[in-house]
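Open the structure in your viewer and get your selection tool ready. We will take a short walk through a few helices.

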Amino acid sequence: MKKVGIVMGSDSDLPIIEKAVKGLKEFEIPYEVHIYSAHRTPIEARDFAVNARANGFGVIIAAAGMAAHLAGAIAANTTIPVIGIPCKGPVFDGMDALLSTVQMPTGIPVATVAVNGGANAALLAAQILAVEDAGLVQKLDAKRAKDAAAVLEKDRGVEQRINEAT
Ligand code: RP5
């Protein structure tokens with residue numbers, strides 16, 4: 001199976017990346033994690049993207065906050081699918097990173113998940129790799145079924161919960 005490359009702009013993004021790693025581990029997807037910044041280490045970020053296909057990566061997840069150009073800068077240097085995670089910063093609640101990540105110019109797409117959406121980034125990466133992996137399709141279907149069962153279990157108990165709380 002191809003690897004997922006996970007790149008974050010700073011170690012302050014680690015809590016978001018941990019959610020993505022947890023998701024990939026659930027599906028037993030191989031991954032590699034790096035701290036490369038579009039602004040502080042632009043050469044390393046570029047080199048990672050340029051060499052990603054040759055190095056066995058099938059998807060790249062890039063997480064950054066504030067002026068979050070990392071996902072776009074990586075996407076500019078590879079045609080491997082890039083998933084961007086905008087990370088919430090201290091001033092604009094993640095709106096700055098969301099717009100910086102999602103508003104890519106035509107020709108260089110970044111599949112942007114929700115602000116701090118590490119778990120969905122892992123799921124989307126798994127879904128991309130599952131296009132050519134029947135075993136991964138089965139695992140994804142099983143997770144969907146498990147998640148739905150958990151919601152329906154809550155549905156069965158909701159009236160009792162409301163009655164107890166009111
Ligand atoms: C971005 O700036 C990083 O991705 C991080 O979300 C944000 C703040 O970085 P630090 O100043 O905490 O290193 O490049």
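Predicted model: local features only at pLDDT ≥ 70, side-chain atom pairs only at ≥ 80, totals over all residues.

Residues are numbered from 1 along each chain as its sequence is written, and side-chain values use heavy atoms, leaving out hydrogens and water.

**Stop 1: helix α2.** Select residues 42–51, which form α2 (helices are DSSP runs of H or I with at least four residues, strands runs of E with at least two, numbered from the N terminus). Colour Ala45, Phe48 and Ala49, which are buried (under 20% relative accessible area, with a 1.4 Å probe and protein chains only). They lie on the same side of α2 because they cover an arc of only 95 degrees around the axis, judged by the directions from the helix axis to the C-beta atoms. Now show β1 (3–8), β2 (31–35), β3 (57–65) and α3 (70–75): the buried residues of α2 pack against them (contact means heavy atoms within 4.5 Å).

**Stop 2: helix α5.** Next, select residues 118–130, helix α5. Which residues of α5 are buried? They are Gly118, Ala121, Ala122, Ala125, Ala126, Leu129 and Ala130. Their packing partners are β1, α1, β3, β4 (82–87) and α6 (134–165).

**Stop 3: α1 beside α5.** Look for Ile16, Lys19, Ala20, Gly23 and Leu24 of α1, which meet Gly118, Ala119, Ala122 and Ala125 of α5.

Definitions and conventions
Axes fitted to C-alpha atoms, helices over the stretch in contact; angles between N-to-C directions. Buried < 20%, exposed > 50% of the residue type's maximum accessible area, 1.4 Å probe, protein only.
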